[in-house]
Structures are given as C-alpha cells and as structure tokens.
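Please open the model in your viewer and keep the selection tool at hand. The stops below say what to select next and what is there.

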Amino acid sequence: MAFVTAGDSVKIAYEEQGSGVPLLCLPGLTRNMEDFEPVLEAYAGKVRVIRVDFRGRGASDFADPSTYTPPQEAQDVVALLDHLGLEDAVILGTSRGGLVALMLAVMAKARLRGVIFNDVGPEIMAEGLANIMDYIGKPPSFPSLDAAAAAMPILYDGVFMGVAEAQWRNFVRRIWREEGGALHLRYDPRLRDAVAPAFAPDAVAPDLWPLFDALEGVPLGLIRGRQSNILSSETAAEMRRRRPDMAFAELDDRGHVPFLDEPGSQAVIDAVLEAAR
C-alpha cells in the first residue's frame with residue numbers, strides 16, 4: 001500500500017499491480033479498495049489495476065467531513081494520477097465512484113481514457129438513498145463477521161441470488177473489521193453528516209445529465225443489477241439512448257452493487273478496455 005498527499009494534506013491510500021492500460025478503481029460511498037479484489041484477480045495480469053480508498057474510508061486519512069464530496073474526491077483522483085505520472089486512465093466507478101467519474105468529465109475530461117459505471121448513473125432512486133441513510137454511520141448490528149456472513153442470504157433474499165458462502169464471507173470482511181469481540185466500520189462515521197443534507201427527502205437533486213453528456217467521445221460501459229435500488233431501468237435506458245455505443249450488461253441475480261466477478265460485468269470491463277487501447 002502507498003499514499004499520495006492531497007492538496008489539503010490528507011493522505012489518500014492506493015495500491016497498484018500489473019502493467020499496461022491503467023484501470024483506476026473507485027469504490028462506493030462507504031466501501032474501500034478491497035471491493036475490487038475480484039477485479040485485481042481477473043485483470044492484474046492484463047492491465048495496470050490501481051485501487052484507491054477515498055478520503056475518510058479504508059486506509060486513507062479521516063478528514064474534515066465537509067470535504068467528503070464528489071468534487072473533492074475527483075480532485076484527489078487527479079492528484080493520484082499526477083503522482084503516478086499518468087496522463088489518463090480507464091475509470092471503473094462503483095456507485096459513488098461513478099459519480100466521481102461524472103465530476104471528472106467536466107473537471108478533467110482529458111484524464112479519462114474510458115469510464116465504466118457499476119450500478120450508478122445521473123439519477124439516483126429515492127428508495128436507495130433512503131436505504132443508505134438507514135445504515136450509514138451506524139455501528140454494525142452483527143456480533144461477528146461469521147454472524148454477518150450467515151445473515152447475508154436472508155438480508156439480501158430476492159436481491160442477490162446464487163452467491164456462495166465464501167463470497168458472502170469476503171463481502172462482509174471488506175465492509176467491516178472485527179476487533180475486541182465486535183464489528184467496526186471501515187470508514188469515518190461522520191460521513192453520515194456529510195451526505196445527510198443531499199439525501200434528505202426534500203433535497204433537490206442536481207441535474208447530472210450534462211455531466212454524462214460531457215463524456216462524448218470517451219468509451220463507456222454500464223453494469224446494472226436488475227434488482228438495483230440505486231440505478232433504475234429507466235435511467236439505464238436513457239443512458240443507453242444517449243450513448244448507444246456504450247457496452248452494457250444487466251445482471252438478473254444482482255442488486256446494488258454487482259461484485260464484478262460476474263461474467264456479464266467482466267464482459268463490459270473487457271469491452272471498454274479494448275476500446276481504450
């Protein structure tokens with residue numbers, strides 16, 4: 001693991017492995033670089049896989065919560081690219097990571113060699129935002145990782161199907177850490193305060209479609225879990241209408257977010273990487 005120091009002295013953690021086309025993996029709101037272990041396993045022998053923890057998550061520094069925003073996170077991504085001496089990279093953005101890619105479309109489009117959206121788009125479903133506020137910043141309710149893994153098939157019944165026990169164990173390990181007979185968050189709990197105003201029921205969502213349209217000419221891919229409560233089928237259809245050349249996969253047995261080990265997910269990643277070569 002290595003670190004790059006952002007403009008405000010916050011240390012951002014990252015790891016890289018492999019060589020070739022840079023594939024920069026940006027995680028979801030409360031997630032970390034370990035979410036991309038399946039991508040590392042599948043692609044480190046083909047491309048240069050770079051995984052990052054946003055500020056306030058994983059191994060990165062906790063910071064002023066007012067800086068836990070997609071524009072600031074996009075600036076941190078540019079700082080990382082500069083640090084690595086990379087002119088551009090293919091972005092694989094899971095959920096929040098995809099929103100950061102949209103920010104980069106207007107802040108630093110020349111740094112985008114391609115963008116793959118993992119279950120996210122310019123419009124976010126209210127159902128998903130409400131679900132996030134149900135858990136974000138709150139201590140885990142499970143007493144151990146074993147208990148959490150055992151509960152996942154019940155908690156996600158009808159949303160994620162055909163998930164092996166080992167996959168659920170990896171899933172919970174990436175989200176929480178077990179210490180002192182309890183589970184702990186792997187991100188700054190003040191992240192809740194940072195996002196709460198934007199997630200309020202009466203909040204007016206910004207129009208992100210112009211940011212998506214700004215990606216004209218950039219190879220795109222979209223992965224959607226059919227049971228997603230973040231990316232609606234209507235939003236996915238509109239993204240495809242605006243960009244009919246965009247690689248696309250909808251996964252019948254996944255919700256928010258796909259694990260990225262699915263054949264459909266990797267077919268989309270493959271298509272964008274090929275277009276970006």
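Select the lining of the largest cavity, whose residues divide into five nonpolar, two polar and three charged, where Ala, Val, Leu, Ile, Met, Phe, Trp, Tyr, Cys and Pro count as nonpolar, Asp, Glu, Lys and Arg as charged, and the others, Gly among them, as polar. A cavity is defined on a 1 Å grid over the protein atoms alone, as a set of points where a 1.4 Å probe fits but cannot get out, and lining residues have an atom within 4 Å of a point. Grid points are joined across faces, edges and corners, and a volume is the space filled by probe spheres set on the points.

This is a predicted model, in which local features need pLDDT of at least 70 and side-chain atom pairs count only at pLDDT 80 or more, whereas totals for chains, interfaces and linings use all residues. Residues are numbered from 1 along each chain as its sequence is written, and side-chain values use heavy atoms, with hydrogens and water left out.

Val-257 is found in the loop between strand 10 (247–251) and helix 10 (263–276); helices (H or I, at least four residues) and strands (E, at least two) are DSSP runs, numbered from the N terminus.

Axes are lines fitted to C-alpha atoms, for helices over the stretch in contact, and angles run from 0 to 180 degrees between N-to-C directions. For the contact (heavy atoms within 4.5 Å), select Leu-145, Asp-146, Ala-148, Ala-149, Met-152 and Pro-153 of helix 5 together with Trp-168, Arg-169, Phe-171, Val-172 and Arg-173 of helix 6. These residues divide into eight nonpolar, no polar and three charged.

Which residues line the second largest cavity? Select Ile-12, Leu-26, Val-52, Asp-53, Phe-54, Glu-73, Asp-76, Val-77 and Leu-80, around a volume of about 30 Å³. By class, this lining has six nonpolar, no polar and three charged residues, and its largest share, four residues, comes from helix 2 (residues 70–84).

Now follow helix 2 to helix 3 (residues 96–107), where the two axes come within 8 Å and cross at roughly 75 degrees. Helix 2 and helix 3 are therefore roughly perpendicular to each other. Their contact is made by Pro-70, Pro-71, Glu-73, Ala-74, Gln-75, Val-77 and Val-78 of helix 2 and by Arg-96, Val-100, Met-103, Leu-104 and Met-107 of helix 3; by class, it has nine nonpolar, one polar and two charged residues.

Next, select helix 4 (residues 126–135) and helix 7 (residues 191–199), which pack at an angle of about 150 degrees, with their axes 11 Å apart. Helix 4 and helix 7 are therefore roughly antiparallel to each other. The contact is made by Leu-129, Ile-132 and Met-133 of helix 4 and Arg-192, Val-195, Ala-196 and Phe-199 of helix 7, and these residues divide into six nonpolar, no polar and one charged.

For the last stop, select Ser-9, which lies in the loop between strand 1 (2–5) and strand 2. Phi of Ser-9 is near 75 degrees, a positive value in a residue other than glycine.

Notes
On a 1 Å grid over the protein atoms alone, a cavity is a set of points where a 1.4 Å probe fits but cannot get out, and a pocket is an open set with protein on both sides within 12 Å along at least five of seven lines; lining residues have an atom within 4 Å of a point. Angles under 35 degrees count as roughly parallel, over 145 as roughly antiparallel, 65 to 115 as roughly perpendicular and the rest as oblique.
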